[in-house]
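This report walks through the features of one protein model, from its sheet and core to its cross-links and a few local details of the backbone. Please keep the sequence and the structure in view while reading.

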Amino acid sequence: LDLVEQFCYSNHHYYSWCYIAPKCAGVYPFHCHNGPMKFEGKYAVVAKTPWVTSVYPFSGDTSGGTPVTIRGWNFEAHCPQHLLCKFGEHIVPAKFYTSSSVMCIAPCATEKGFVSVEVSNDGGMHWSMSGVQYGYVGDSVDLASGECQRYLSPISANNPHH
């Protein structure tokens, strides 16, 4: 996936114009030149901070697998691999529907109770801090089981304390 589109134009005399159009949050190098004149630098893109207003359904089984619609605002579609949901400390991929609606599959939970559901547009660098709760019901499960691991994003599976 090409994360940056860069266009440079020049009149071959005195002026050059460079446009950079990053697709995902991050810091990107850019290079622009007009004959012997060269410009180099970095361009930073910051994702919008999402906000969660509600989840539906409001609860699901501790064994995970419940599709959960998350409503709110500032959900971004232009970089889908960076859109994530976090149920308590467990991170799962999100599916973009609209700037106010995403869907995530609830991961397993070790025990019943409530967890905060948050969303990130930038691969988990920054999260919403909305505090909307999702309830787990049912018996305790083993988070290390293959069934539970299949719901987690690589970020959560590789770094459970992210």
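In what follows, buried means under 20% relative accessible area, exposed means over 50%, and partly exposed covers what lies in between. The model is a predicted one. By that scale E147, at 48% relative accessibility, counts as partly exposed, whereas R150, at 54%, counts as exposed. These two residues form a salt bridge in which the closest N and O atoms are 3.2 Å apart, and the structure holds one salt bridge. Side chains of opposite charge can pair when their charged atoms come close.

**The sheet**

Eight strands make up an open sheet of mixed pairing, in the order β5-β7-β10-β9-β8-β11-β12-β6. Because β5 and β6 stand at the edges with a single partner strand each, one side of each is left without a neighbour in the sheet. From one strand to the next the twist averages 35°. Within this arrangement β11 and β12 run antiparallel and are joined by four bridges, and S116 stands opposite Q133 of β12.

In soluble globular proteins, nonpolar side chains tend to be buried together. Here the largest nonpolar core has 21 residues, and those with the most contacts inside it are V55, I70, C85, F87, V119 and Y134. At least two residues of this core are supplied by each of β5, β7, β8, β9, β10, β11 and β12, and the largest share, three residues, comes from β11. I70 illustrates the packing: leaving aside neighbours within four places in sequence, I70 is in contact with residues including V52, V55, F75, C85, V102, C104, V117 and V119.

| Disulfide | S to S distance | Angle about the S-S bond | Hand |
|---|---|---|---|
| C85 and C104 | 1.8 Å | 45° | right-handed |
| C108 and C148 | 2.2 Å | -95° | left-handed |

The disulfide of C85 and C104 links distant parts of the chain, with C85 in strand β8 and C104 in strand β10, 19 residues apart. Both ends are buried, C85 at 0% relative accessibility and C104 with a relative accessible area of 1%. As for the disulfide of C108 and C148, C108 lies in the loop between β10 and β11 and C148 in helix α1 (residues 146-149), so this pair ties together parts that are 40 residues apart in sequence. Here too the cysteines count as buried, C108 at 3% relative accessibility and C148 at 5%.

Not counting residues up to four places away in sequence, G72 touches W51, V52, T53, S99 and S100, and the C-alpha atoms of G72 and T98, which are 26 residues apart along the chain, are separated by 9.7 Å.

N74 belongs to the loop between β7 and β8 and has a positive phi of about 70°, although N74 is not a glycine. This residue is partly exposed, with a relative accessible area of 27%. A further backbone feature is the cis peptide bond that joins Y56 and P57, with omega about 0°; P57 is found in the loop between β5 and β6.

How values were computed:
Residues numbered from 1 in each chain as written. Predicted model: local features only at pLDDT ≥ 70, side-chain atom pairs only at ≥ 80, totals over all residues. Heavy atoms only, no water. Contact = heavy atoms within 4.5 Å. Core = buried A, V, L, I, M, F, W, Y, C linked by side-chain atoms within 4.5 Å. Buried < 20%, exposed > 50% of the residue type's maximum accessible area, 1.4 Å probe, protein only. Salt bridge = Lys/Arg side-chain N within 4 Å of Asp/Glu carboxyl O. Pairing = 2+ DSSP bridges. Axes fitted to C-alpha atoms, helices over the stretch in contact; angles between N-to-C directions. Disulfide = S-S within 2.5 Å.
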